[in-house]
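Reader: I am new to this structure and would like to go through some of its features with you, one question at a time.

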Amino acid sequence: MLWIMRFSGFFSAAMVMIVLSPSLQSFPPAEAIRSTHLDSYLRLPVQMSPSDNISRFSFRKASAFRNADECRSVILESSGETSVCDPNLVHVAITLDVEYLRGSIAAVHSILQHSLCPESIFFHFLVSETNLETLVRSTFPHLKFKVYYFDPEIVRGLISTSVRQALEQPLNYARNYLADLLEPCVRRVIYLDSDLVVVDDISKLWTTSLGSRTIGAPEYCHANFSKYFTAGFWSERRFNGVFYGRKPCYFNTGVMVIDLAKWRRVGYTRRIERWMEIQKSERIYELGSLPPFLLVFAGHVAPIEHRWNQHGLGGDNVRGSCRDLHPGPVSLLHWSGSGKPWLRLDSKQPCPLDALWAPYDLYGLSH
């Protein structure tokens, strides 16, 4: 288990101590929210085709990660491929797109590196471009994964303007449709944003009990919950009445454990869509994909330890300023906010904690 403790203030030294158990490999010190501050190699010309865009990227091939002896064997189909319906699998869903590709690859790399049973993890990649599978396969030759196409038109008409244009990207809303996109036999999934790294065994998150709840996530009940909605929302009972009888707390939708079977049974996708429809005409919030989740689930979330989402490392949604770690142990580091570690590292103006992301970066330009 990885523990990170802060010994001094951020601006004085930003010192971090890392203590690892023998089961984890060490590394050098160091809502998908999309950044508008992209380096030139990511700001691709509009006239380029998707295939040209992808050809600009090259990633080093990751090492092969194998299961420990105590891991359960996965079931193979007649083709020799792992069955997505294998009950021994851990299911992880992540979006893939050109802007966040470097972050997604690093996230996958970190999960494999710290897992006791990496061959028992099945990745479900959500894409709106259809030519990313080859790149993933060349980077992770032994990875168990499937690519799912998410049609942007499904949600484009439901998206309202946000405080930042970056929050309006359709793929940000793909998490709302996991229950429809993934196979019916996949009854639980971990959804992760692309701007994070996992520094603990993800099977610990997978086995979290949700009790009677549909989703589990770290909750932050000290946060000012009212700021996520407009004054108009709080002034009208037909809107704010949704929280009556509930004790809503903020949670970040970039790390969630989801009971897909229950989600499908209740029909939560349609409930989220209904709030997005209301937003189009009533303007009840200013952010992107987060508020509809809060409206449907806040107060009905299975609490997960905060160690599984040390979020906000990307700063706020405008300046992307450097942040320090929250006190306590760490299992997942999340650069939510506008500042992304790969952009800050390339600009030679990194924040101290960006060095914790760097060991998982497999990016290299094509020649």
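Reader: Is the disulfide of C71 and C117 left-handed or right-handed?

Author: This is a predicted model, and in it the sulfur atoms of C71 and C117 are 1.9 Å apart. The torsion about their S-S bond is about -90°, so this disulfide is left-handed.

Reader: How many residues apart in sequence are the parts that C71 and C117 tie together?

Author: C71 sits in the loop between β3 (57-59) and β4 (90-96), while C117 belongs to the loop between α2 and β5. C71 is buried at a relative accessible area of 12%, whereas C117 counts as partly exposed at 22%. Because the two cysteines lie in these two loops, the parts they tie together are apart in sequence by 46 residues.

Reader: Which cysteine is joined to C249 by a disulfide, and is that partner buried or exposed?

Author: C249 itself, at 9% relative accessibility, counts as buried. Its sulfur is 2.0 Å from that of C221 in the disulfide, and the link is right-handed, with 100° about the S-S bond.

Reader: How many residues of helix α11 are buried?

Author: Helix α11 spans residues 290-297 and is mostly covered. Its buried residues include L290, F293 and F297, and among the elements covering them are β12 (255-259) and α10 (268-282). Of the 8 residues in α11, the number buried is 8.

Notes
Residues numbered from 1 in each chain as written. Predicted model: local features only at pLDDT ≥ 70, side-chain atom pairs only at ≥ 80, totals over all residues. Heavy atoms only, no water. Buried < 20%, exposed > 50% of the residue type's maximum accessible area, 1.4 Å probe, protein only. Helix = DSSP H or I, 4+ residues; strand = E, 2+ residues; numbered from the N terminus. Contact = heavy atoms within 4.5 Å. Disulfide = S-S within 2.5 Å.
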